[in-house]
Amino acid sequence: MKKLSWELILIILISFPALSLSIDPWNEYDIYILSVQWGSTMCLTQGQDCYEKMKKVPRHQMTIHGLWPSLSTGKNLDYCNPGADIPIEDSGSENFENMKKYWPSLNKNPNEVFWEHEFNKHGYCYLKKYNYDGNKYEIYFKKVLDLFFNFKINNLMINIAGDADDGEYVLPDDFIDKMDAKFGQNTYSLRCTKNGGDYYLSEIRIKFDLNFQLTTKGKSQNSCPNGKPIHVIYVS
């Protein structure tokens, strides 16, 4: 039997795209990153709308940015939903009530716009990975909320950095030691926003394996410089 030429193989792949070698993103990723925000820092760049929304967040608690299926190599994963974005409708369920408090949009967009972006870019991969119906977005939202509460991330700053009156503070010297004790070294990254020459804690990104256990797999996403004070703002 004669071997197929590369030219013929290319013609076949173009003519029959189902035979192509592309990989769906939900079959490719190998870790999750749970990103949580310190809202008062986010408001430094988002303005008054953000501060108004923060009034609905329980005092001095983290909020969710998203749960992101990711590649441990550091390469960006493709946008998860290859079709038309699936719109998110607030059903009034317990999940959505918790999302309003702990997963709010902190810019001018409504919550549903933020949730729609997070689901279609990231959450759709989670559903397809485990053969759920791609439209069942509440399954993804519930998984994110379960991680958030089971690891007590909502109270993270209160438990590790301490409660405080309104104002600006520098994280205590033992903050990293306490983070390491809670999560383990190299299982999380700190993200900072620079403002007026100072660095403010904006996000914490925590890494999980595919069984949702903390993992050291994956590259660090730290943006808070070593040896520099990390500021936090407490606003009720």
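The buried residues of helix H6 pack against E1, E2, H4, H5 and E5. Here buried means under 20% relative accessible area, with exposed over 50% and partly exposed in between (1.4 Å probe, protein chains only). Contact means heavy atoms within 4.5 Å. Helices (H or I, at least four residues) and strands (E, at least two) are DSSP runs, numbered from the N terminus. This is a predicted model, in which local features need pLDDT of at least 70 and side-chain atom pairs count only at pLDDT 80 or more, while totals for chains, interfaces and linings use all residues. Residues are numbered from 1 along each chain as its sequence is written, and side-chain values use heavy atoms, with hydrogens and water left out.

**Helix H6**

- The buried residues of H6 are Tyr137, Tyr140, Phe141, Val144, Leu145, Leu147 and Phe148. Seen down the helix axis, they fall within an arc of 160° and so line one face of H6; the arc is that of the directions from the helix axis to the C-beta atoms.
- An α-helix has 3.6 residues a turn, so residues three or four places apart point the same way.
- The end C-alpha atoms of H6 are 20 Å apart, which agrees with the 20 Å that its 14 residues should span at 1.5 Å a residue. The expected span of a helix is 1.5 Å times one less than its number of residues.
- Just after H6, Lys152 takes a positive phi of about 55°.

**Helix H5**

- Helix H5 covers residues 111-129, 19 residues in number, and reaches 25 Å from its first C-alpha to its last, close to the expected 27 Å.
- At Asn120, H5 bends by about 50°; the bend at a residue is the angle between axes fitted to the seven residues ending there and the seven starting there.
- The buried residues of H5 include Asn120 itself, along with Phe114, Trp115, Glu118, Phe119, His122 and Cys125.
- Among the elements that cover the buried residues of H5 are strand E1 (31-37), strand E2 (63-70), helix H4 (94-102) and helix H6 (137-150).

**Nonpolar cores**

- A nonpolar core is a set of buried Ala, Val, Leu, Ile, Met, Phe, Trp, Tyr and Cys residues joined through side-chain atoms within 4.5 Å.
- The largest nonpolar core has 54 residues, of which Phe141 and Ile204 touch the most other members.
- Leaving aside residues up to four places away in sequence, Phe141 touches Ile88, Phe96, Met99, Trp103, Trp115 and Phe119.
- A second, separate core of six residues includes Met42, Cys43, Met54 and Leu106.
- In soluble globular proteins, nonpolar side chains tend to be buried together.

**Disulfides**

- The structure holds three disulfides, a disulfide being a pair of cysteine sulfur atoms within 2.5 Å. With bonded cysteines counted along the chain, they follow the pattern 1-2, 3-4, 5-6.
- Cys43 and Cys50 form a disulfide with sulfur atoms 2.0 Å apart. The torsion about their S-S bond is about -75°, so this disulfide is left-handed. Both Cys43 and Cys50 are buried.
- Cys80 and Cys125 form a disulfide, also with sulfur atoms 2.0 Å apart. The link of Cys80 and Cys125 is left-handed, with -105° about the S-S bond. The pair links distant parts of the chain, 45 residues apart: Cys80 lies in the loop between E2 and H4, and Cys125 in helix H5. Cys80 is buried at a relative accessible area of 1%, and Cys125 is buried at 0%.
- Cys192 and Cys224 form a disulfide with sulfur atoms 1.9 Å apart. The torsion about their S-S bond is about 100°, so this disulfide is right-handed. The pair links distant parts of the chain, 32 residues apart: Cys192 lies in strand E4 (residues 188-195), and Cys224 in the loop between strand E5 (198-208) and strand E6 (230-234). Cys192 counts as buried at 14% relative accessibility, as does Cys224 at 10%.

**Ser202**

- Ser202 lies in strand E5 and counts as buried at 5% relative accessibility.
- Not counting residues up to four places away in sequence, Ser202 touches Val36, Gln37, Trp38, Thr41, Met42, Arg191, Cys192 and Thr193.
- The C-alpha atoms of Ser202 and Asp173 are separated by 18 Å, and the two residues are 29 residues apart along the chain.
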